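Hi,

Here is the structure I promised to pass on to you. Have a look at it first, and then read on for my notes on what turned up.

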Amino acid sequence: MGFTAEFPNMTATIHDVRGLGRAGVKAQQRSLEAGGEVLAEAVRQHLSATQYTLQDLADMDHPYAKRHGSIGVHPSRPFVVHKRSQKMRNAVTNEQKFAPGGSGGGGKYVQRVGIDYGRQPYFRFVIQGTRVMLPRDTVYLTSQLDSVRKGMMQAVIKVLGDELRTQATVRF
């Protein structure tokens, strides 16, 4: 499972990227990787809450239960997951793939940040929910936070600036 963090129109963001050749492609790859790492770290933080113990959650009548209709704790970020170990935090993935274009050729690099469900069967239940537990789509909802989006773009801009120096114009 993963959320694909794409920076739309990367070739428009780096003006005249085709003229930069391999340096432009490498800059795109490294900037996506940097943005993905910002997201991956934010996801790890949201999978590491420690406010409540299992007993606290039981005493609150299981606030993630579907019977309540909505998550009853931390309402501003209901996708937060309380850690019991480092397993889920350590299952956050951040990988880059090349997505080939259609019949017209081309293609683009995408950065995939997600959680490796293969490490523990219960990861899927926490994120997607069950018949009795509400879902917490931690990856996607973390990616939608203004602070995370801003951090991702700052990481992209920093890498592009470092990689390309003054060879291209960065615009949004």
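A network of salt bridges links Glu-37, Glu-41, Arg-44 and Arg-89. By salt bridge I mean a side-chain nitrogen of Lys or Arg within 4 Å of a carboxyl oxygen of Asp or Glu. Before going further, please keep in mind that this is a predicted model, where local features need pLDDT of at least 70, side-chain atom pairs count only at pLDDT 80 or more, and totals for chains, interfaces and linings use all residues. Residues are numbered from 1 along each chain as its sequence is written, and side-chain values use heavy atoms, with hydrogens and water left out.

Arg-44 sits in helix 2, which covers residues 22-46. Helices (H or I, at least four residues) and strands (E, at least two) are DSSP runs, numbered from the N terminus. Is Arg-44 buried or exposed? Arg-44 counts as buried because its relative accessibility is 16%, where buried means under 20% relative accessible area, exposed over 50%, and partly exposed in between (1.4 Å probe, protein chains only).

Arg-44 pairs with Glu-37 in a salt bridge between their side chains, at 3.0 Å from N to O. Glu-37 is partly exposed, at a relative accessible area of 35%. Arg-44 also has a salt bridge with Glu-41, and here the closest N and O atoms are 3.2 Å apart. Glu-41 and Arg-44 are three residues apart in helix 2, so about one helical turn separates them. Glu-41 is partly exposed too, with a relative accessible area of 28%. The side chains of Arg-44 and Glu-41 also make a polar contact at 3.2 Å; that term covers a pair of N or O atoms within 3.5 Å, where within protein one must be able to donate a hydrogen and the other to accept it, and residues adjacent in sequence count only if both atoms are side-chain atoms. Why can such pairs form? Side chains of opposite charge can pair when their charged atoms come close.

Leaving out residues up to four places away in sequence, Arg-44 touches Glu-37, Arg-89 and Val-92, a contact being heavy atoms within 4.5 Å.

How many salt bridges does the structure hold? There are seven. One of them joins Asp-162 and Lys-158, with the closest N and O atoms 2.8 Å apart. Both residues lie in helix 7 (residues 146-164), four residues apart, which is about one turn of the helix. Asp-162 is partly exposed at 38% relative accessibility, while Lys-158 is exposed, with a relative accessible area of 53%.

Helix 7 itself has 19 residues and reaches 27 Å from its first C-alpha to its last, close to the 27 Å expected at 1.5 Å a residue; the expected span is 1.5 Å times one less than the number of residues. Among the buried residues of helix 7 are Val-148, Met-152, Val-156 and Leu-160.

Now to the nonpolar interior. A nonpolar core is a set of buried Ala, Val, Leu, Ile, Met, Phe, Trp, Tyr and Cys residues joined through side-chain atoms within 4.5 Å. The largest one has 20 residues, and Leu-47, Met-88 and Ile-115 have the most contacts inside it. Helix 2, strand 3, helix 5 (122-128) and helix 7 each supply at least two residues of this core, and the largest share, four residues, comes from helix 2. Apart from this core lies another, of five residues, including Leu-57, Tyr-64, Ile-71 and Leu-134. As for Leu-47, it touches Val-81, Lys-83, Met-88, Arg-89, Val-92, Ile-115 and Thr-138, not counting residues up to four places away in sequence.

Strand 3 (residues 107-115) is also where you will find Arg-112. Arg-112 is partly exposed, with a relative accessible area of 28%. The C-alpha atoms of Arg-112 and Asn-94 are separated by 5.6 Å, and these residues are 18 apart along the chain.

Finally, the overall picture. The protein chain has seven helices and three strands, in the order β-α-α-α-α-β-β-α-α-α along the sequence. Of its 172 residues, 38% count as buried. Among contacts with a separation of 6 or more, 66% are between residues 24 or more positions apart.

Enjoy exploring!
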